[in-house]
Amino acid sequence: MTLEEVLRMGKECLQQAGIPEPDWNAWYLFSYCFHLERGRYFLCSGETAAEENIRFYEELIQKRKSRIPLEYIIHETEFMGLPFQVNEQVLIPRQDTECLVEEVLKISEGKEILDLCTGSGCIGISLAKLGKCKSVTLSDISGEALATAGENARENQVEVRLIQSDLFESIPDSFDIIVSNPPYIPSGEWEKLMPEVREHEPKLALDGGGDGLVFYRSIIGKIGCFLRPGGSLFFEIGWNQGVEVSRMMVQAGFDHVEVKKDLAGLDRIVQGQYRK
């Protein structure tokens, strides 16, 4: 088989299996397997593919057909233009979360920042790399997630502090900025999620309790001991949670509370300044 035929086979297999965006998925698995970028592929697409590479590609296609997310198959993704390792212990970074990082970057210079529920570390590491921060602390309840975040910090050549903690339980300091993408999917919505999410991404990082707001209540309720007066709190939220999270922040002593939208025009970020 030529390289072109191998790629066509992958596209057809994923399309027949009903995988979303089959062409895109087939190409990324192909590029990973054959170590080819698009420019090089167009020059050599008529060449014969090595048998061992074909077998490896077929294995990857079968994994994707079983609804294992692409990022977990190739163990990497890109976020804010930076490389990140991912595995089934951490959420796959989403493009919408880049909107959260971009908001924090507006005020990050010289600040001490806590990334709570860090997962892969994509938020805090991006801030450490791009934000001219004074310091960045990454915290998560999962030791496996923190290990992945530590690997990502080393790969991106940034210095961060790692703390395993159930929210604020083991956090010893206060900060100028706290940013968090906590679990926010209501428990009752779990079975409605795509198989890629429901069966493979960590439920610990997704399930936000009965109404999806359990972690926001807990974080906001204890924020006074960990966010300095005049400091800023940034949350990622579900599309329909902006009003309630904003109300909780105002009641807890935040001014200038705003809801910002993502690239799809949906509510995605709530931010405010702590006045107490």
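1. Buried here means under 20% relative accessible area, exposed means over 50%, and partly exposed is in between (1.4 Å probe, protein chains only). Ile 220 is buried because its relative accessible area is 6%.

2. Quick housekeeping: this is a predicted model, where local features need pLDDT of at least 70, side-chain atom pairs count only at pLDDT 80 or more, and totals for chains, interfaces and linings use all residues. Residues are numbered from 1 along each chain as its sequence is written, and side-chain values use heavy atoms, with hydrogens and water left out.

3. Back to Ile 220: leaving aside neighbours within four places in sequence, Ile 220 is in contact (heavy atoms within 4.5 Å) with Leu 233, Phe 235, Val 245, Met 248, Met 249 and Ala 252. Val 245 is 25 residues away in sequence, with 9.1 Å from C-alpha to C-alpha.

4. Now the aromatics. Rings of Phe, Tyr and Trp (its six-membered ring) pair if their centres lie within 6.5 Å; planes under 30 degrees apart are stacked, over 60 edge-to-face, and the rest tilted. The whole structure has 13 aromatic pairs. Trp 24 and Tyr 28 make a tilted one, at 4.9 Å centre to centre and 55 degrees between the planes. Trp 24 is partly exposed because its relative accessibility is 39%; Tyr 28 is partly exposed too, at 38%.

5. Elsewhere, ring pairs join Trp 27, Phe 30, Phe 34, Tyr 41, Phe 42 and Tyr 57 into a cluster. Arg 38 lies over the face of Trp 27, 4.2 Å from the ring centre; the cut-offs are CZ of Arg (or NZ of Lys) within 6 Å of the ring centre and within 35 degrees of the ring normal.
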